[in-house]
Amino acid sequence: MEPEEWLLPLLHALGQRADAELPDFSRQRAARWRRQRLGGRLEGLERLDLPHLDSLLGIEEIKHTLETNTRQFVAGLPANDALLWGGRGTGKSSLVKALLHAYAEQGLRLVEIDSQAVLDLPEVLSAITRADPEEKYRFMLFCDDLSFGSDDPAYRSLKSLLDGGVEARPANVLLYATSNRRHLLPRHFSENEEYHRHGEEIIAGETAEEKISLSERFGLWLGFYPFDQKQYLAIVGQHLQLLGNADAEGEWREEALRWALQRGSRSGRVAQHFARHWVGSRGLQGPG
C-alpha cells in the first residue's frame, strides 16, 4: 500500500476530530490549548474561577491601564499586547482573569496557553479562527508564568506573533502574558562584559539587546511590586472588610505581620490569605 493511501484518510480523520472538539464560545467563556502527540487541540473550559476586579486591591493604576486597553480591544479599537511582570502573588494572573469576568458579556473570551504552546501558535490561531469563523468574539491569548531558557526556540515564535509574520494575526486576538522575569529570558553576569560606553551613554551588547528586545515588543509593560508594610496592612484591612470583619487593626496587626514574614512576602495574595485565616479562625471560636 502506498503511504498516501493510508496517510491521507488518517489526516482527514484527525482534522474532522479536531473540528468536532472545538469549543462552543457562545456557551464557554474560556478554553485551554492542550498539546498532544498528534497535534494539539482547543479544549473548552466549563468551570471557571474568575475574581472580580473590585477584589484586586492595591494595584489601582495598573488595573486602570489594563482595563482601558481591554475595553479598547473589546470595542474593536486598536489595543496593545501586554506583559505583566513582577513577584509571585502580586495579582498578575488574577487581573487577567478578572477582566474576562468583567467583559465576557461584551464578547471577550480567553484562551490559555503555556510556554511550550508558544511553538504551536499558528495552530492555536487556526483553531480559534475555525471555532469563531464570523469573528463574533474577541480573544485574549493568556500565557501565565511565561519564561524561556537561553536557547529556547519558543521565544522566536513569540517574537513572530508580536512583530507580525508573513501571515497576519487575526484582528480579534490579543496576547496577555505574565512573568516573574522582566525580560522573559535569564540574564548572566558574562553579558555585562558586552556593555560599552559611547560618550555618556551606556550601550548594551548584542546578547543583552536580544533579551531586552523581546519584552519591549509588548505594547504595555506593567510592573507589579510587593507592598511596603503600610500598604500591606491597609490591604489586609480592606480584605477583612470585604469578609464582613470589623476588628480594629490593633487586634490583628501583629499576627498579619508574622503571617507575611513566614511567607517571605507582603503581597496582595498573602494579605487575602491572612484575612481568610483571621475571619475563619475567629468564626470557629464563636461569638464573644
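This is a predicted model: local features need pLDDT of at least 70, side-chain atom pairs count only at pLDDT 80 or more; totals for chains, interfaces and linings use all residues.
1. Overall make-up. The chain contains nine helices and nine strands. Of its 288 residues, 43% are buried. When contacts between residues at least 6 apart in sequence are considered, 73% of them join residues at least 24 apart.

2. Geometry of α2 and α3. Helix α2 spans residues 60-74 and helix α3 spans residues 92-103; their axes come within 11 Å and cross at roughly 45 degrees. With that angle, α2 is oblique to α3. The crossing of these two helices, α2 and α3, is right-handed.

3. Residues joining α2 and α3. On the α2 side the contact involves I62, K63, L66, E67, T70, R71 and V74, and on the α3 side L95, L99 and Y103. By class, the residues of this contact divide into six nonpolar, one polar and three charged.

4. Helix α8 itself. This helix covers residues 249-263, 15 residues in total. From its first C-alpha to its last, α8 reaches 20 Å, which is close to the 21 Å expected at 1.5 Å a residue. Its buried residues are W252, A256, L257, W259 and A260. Directly after α8 comes G264, which has a positive phi, near 65 degrees.

5. Geometry of α8 and α9. The two helices pack at an angle of about 130 degrees, and their axes are 10 Å apart. Angles over 145 degrees would count as roughly antiparallel and those from 65 to 115 as roughly perpendicular, so α8 and α9 are classed as oblique to each other. Their crossing is right-handed.

6. Residues joining α8 and α9. From α8, the contact draws on E251, W252, E255, A256, W259, A260 and R263; from α9, it draws on V270, H273, F274, H277, W278 and R282. The contact of α8 with α9 has seven nonpolar, two polar and four charged residues. Among the α8 residues in this contact, W252, A256, W259 and A260 are buried.

7. Geometry of α7 and α9. The axes of α7 and α9 come within 8 Å and cross at roughly 45 degrees. The pair α7 and α9 is therefore oblique. The crossing of α7 and α9 is right-handed.

8. Residues joining α7 and α9. Helix α7 contributes Y232, I235, V236, H239 and L240, while α9 contributes G268, V270, A271, Q272, F274, A275, W278 and V279. Ten of the residues in this contact are nonpolar and three are polar, with no charged residues. V270, F274 and W278 of α9 take part both in this contact and in the contact with α8.

9. The loop residue G89. This glycine lies in the loop between β3 (82-86) and α3. G89 is classed as buried because its relative accessible area is 9%, below the 20% cut-off for that class. Apart from its neighbours within four places in sequence, G89 is in contact with S267, G268 and R269. One of these, G268, also belongs to the contact of α9 with α7.

10. Positive phi at E135. Although E135 is not a glycine, its phi is positive, at about 55 degrees. The residue is found in the loop between α4 (121-131) and β5 (138-143). E135 has a relative accessible area of 47% and is therefore partly exposed, as exposed would require a value over 50%.

11. Positive phi at D145. D145 is likewise not a glycine and has a positive phi, of about 60 degrees. This residue lies in the loop between β5 and α5 (154-163). With a relative accessibility of 46%, D145 counts as partly exposed.

Notes
Residues are numbered from 1 along each chain as its sequence is written. Side-chain values use heavy atoms; hydrogens and water are left out. Axes are lines fitted to C-alpha atoms, for helices over the stretch in contact, and angles run from 0 to 180 degrees between N-to-C directions. Helices (H or I, at least four residues) and strands (E, at least two) are DSSP runs, numbered from the N terminus. Angles under 35 degrees count as roughly parallel, over 145 as roughly antiparallel, 65 to 115 as roughly perpendicular and the rest as oblique. A crossing is left-handed if the near helix is turned anticlockwise from the far one by less than a right angle, and right-handed if clockwise. Contact means heavy atoms within 4.5 Å. Ala, Val, Leu, Ile, Met, Phe, Trp, Tyr, Cys and Pro count as nonpolar, Asp, Glu, Lys and Arg as charged, and the others, Gly among them, as polar. The expected span of a helix is 1.5 Å times one less than its number of residues. Buried means under 20% relative accessible area, exposed over 50%, partly exposed in between (1.4 Å probe, protein chains only).
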